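User: Hey, can you walk me through this one? I'd like the overall fold and then the interface.

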Amino acid sequence: MVTGALFDGLAPSILAVDPVPWARAQMAFTLAAHIILVPLGVSWGFMALIANYRGIKRDDAEALELAQRWSKYMAVTFAVGAVTGTVLSFEFGLLWPRFMGQWGEVFGIPFAFEGLFFFTEAIFIAIYIYGWRRLKPWTHFWTGVPLVITGILGSISVVAANAWMNSPEGFTLDSNGDVVDVDPMGVIFNDAMPLMAAHMVIAAYVVGGFLVASVYAVGMLRGRRDRYHRVGFLIAFTVAAVATPVQIGVGDSLARWLYENQPVKFAAIELVPETESDVPETLLGHLSSDGQVSGGIEIPGMASWLSDPSSGTSTEIQGLDTVPADERPTTRQVNTVHLAWDVMVGLGTLLFLLSAWYGVCWLVRRDMPKSRWFLRMASAAGVAAVVTMEAGWVVSEVGRQPWIVYGQMKVEDAATGNTGVWITTVVIAVLYIGLAITTVLILRKMSARFRVDDVGDADVPYGPNRPADESPTEEVAVP
Amino acid sequence: MSTAVAVVLFVAVTAYCVFGGADFGAGFWDLVAGGDERGERPREVIDHSIGPVWEANHVWLIFCFVVLWTGFSEAYASITLTLFVPLTIAAIGIVLRGASFAFRKTVFRVRERRSFGAAFAVSSVLVPYCLGAVAGAIASGRVPAGGEAGDPWDSWVNPTSVLGGLLAVVVVAYLAAVYLVFDAGRLSDQQMVEYFRRRAIGAAFVAGAMALAGIFVLRHDAEYLYDRLTSEAFPLVLLSGACGIASLVLLVRTVHRWARVLAVGAVGSIVMGWGVAQWPYLLPESLKVSQAAAPSGTLGALLVATGCAVVIVLPGFVLLYVLDQRGLLPEEGVD
């Protein structure tokens, strides 16, 4: 047993609290906060580059202005994302020292590459954000491209580590259970990695797109129907609308991967207490304490059919009871997973329908839907997309319980023995809530200031309408 | 192979000290720059100086962590288990520092700037103190290996840790002041050049005095480290002292360019000296580098990642600094 209690000698009855639930709460809370910033870090740069490209290529002043302002917002969200990400790298050890002591040499490998990509991203985002004024337009544009690439590769690396926790491979244990041999390729390219990584990267584009588009949808609803708002909306919403159907396809494959490889998680998702065929798809509903499904709407045979369409409703789905109770999620966790799954699929479907509406309008008459209802839904889509992503993450993490490394190590055996964790959890929760509120206020304030300062294109550095005699004289070529 | 990875780790720690450290040091000067009017110009120079580079510099810390937990998992687990308190404070400080620095640039009211500036500056002092105390705890052998936590308080509230913490604050302040002399020069602000030059000289004296006092602290409190610093690692200690004195002389004579190089040499060689003095231990006298090392597959992957970093990250890092030093990254956006 690890000792590390902060207050062992002081006042054990009041201050010394079982660290496991608090460690889980703190990790979940800080990850849930960080994951909102991830899509912005990964996909906003891409959207800014589209605007930037249009701005230069087609002499589009509004697009260029959008790209500049987006890069200023990105400076804030990237900074907050970088520091909240750093907290996670402290927490791996502070909250899960036994996990890191045992598995760090395996689990850490994808992070070595993530570090590489994050480093490159931090370098080029600085060059891009600070380079507007004095780099040549196309040179400046190209300094943004590494951002997009490293954003994608970085999130693939992080998800590879998380996928490894679901599908631990690439190592050999000796008789004491110590890791003796590691195959890095086997660790990084574990079986769960391709689909999980694809699901997260595309989620970043879906969420980033809807989130940015929702801001402009709100602006348009408030009567700001200028071209600037329109271009901002179109770029972001198109990215999201293209990514959403792809995401549904990837998600479907991932669910089938779970059916085959993590049957207990799958049973929690589909609420299947006992192994059977012709399993209905239960919408909402829950597992009651006697282990039976109650409530909800059942679609007969649907879960079986979706699991393997080739054998249809006769597909057998493994039940929760096939593993001992201490090796599967508790009833409460099962209900959490199932509800989160319903939220993810439900909202995901709505987002898909919204994308389809937009797509059809665009194909038919080369314009976005005119209805105010479309704008209202698009305004809500940003938050909805964030909720969808959080729900998907809950499915993945809670569905893995009680394991931290699937089939190898349980969460309770991984946690610190430090009884003072509850204090840091409370402090960090307060700090993060303050941080979240401040970030939103700051972004809104920036946007309000941009509107006040909106004096045409006077502040566009290499915009098309700048009189010839005012052309920048201080522009210096990149060495 | 474990030796190679340990070298990578220490190079990364050194890089974090001389790049990331200086950003914290700039925060120290921000803290002591005085009221809104008196402090306006120094703060402007500080903003300009660290704005484009602090995030990239910060990644060195992540890199150190990743190499440590992947290459030497047991050491990482032991450090985080024992030094829970200072590491938590450092993590919170890092959040406050980074976020409030980014926020400060976006607000223009004095009151708001002041609160974000205060959060940025105070945490800029807190974080190096905590990390220095952590280094002191490790170096003085207060972090036991083997899944048992050391004392949660005494491990980092002791003479060597206090020395480590204070020295870290002073040394990064010295580095930052030397860099800021140069950055003020780039902005052609002679008054600020003089302002930071005087502070760099002051900080150099304090750092030197503290290092001398530290010899006595270590002699009584961290014998293993003391013995090795005065034998195997002695050339590096001498080098550090020589660079420090030379940079001081150059600062007094206003030869700023070389003062900067020598300041980096002074700080870099003492950090490397710490590494040499600990050798072959990661956690002195309880965990050797070779004992803590991961299986060869993992170490190989880390070396491959390091190789990739040299090929991919290093040119980018150099490009960032070249652009920055040539004044091509003046400010965010255009307005």
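Predicted model: local features only at pLDDT ≥ 70, side-chain atom pairs only at ≥ 80, totals over all residues.

User: How many helices and strands are in chain A?
Analyst: Chain A has 15 helices and ten strands, counted as DSSP runs (H or I, at least four residues, for helices; E, at least two, for strands) and numbered from the N terminus.

User: How much of chain A is buried?
Analyst: 51% of the 479 residues, where buried takes 20 or more other C-beta atoms within 10 Å of the residue's own, placed from the backbone.

User: OK, the interface. How many residues does each chain put into the contact?
Analyst: Chain A gives 70 residues and chain B gives 62 residues, with contact meaning C-beta atoms, placed from the backbone, within 7 Å.

User: Which element of chain A gives the most there?
Analyst: H3(A), with 17 residues. Other elements giving two or more include helix H15 (421–452) and strand S2 (179–182) of chain A.

User: Back to S2(A), what does S1(A) do with it?
Analyst: Strand S1 (residues 171–173) of chain A pairs with S2(A) in the antiparallel sense over three bridges; pairing takes at least two DSSP bridges. A:Phe171 sits opposite A:Val182. In the hairpin, with five residues between the strands, A:Gly177 has a positive phi near 85°.

Conventions. Residues numbered from 1 in each chain as written. Chains lettered and ligands numbered in written order. Buried ≥ 20, exposed ≤ 12 C-beta atoms within 10 Å, placed from the backbone. Contact = placed C-beta atoms within 7 Å.
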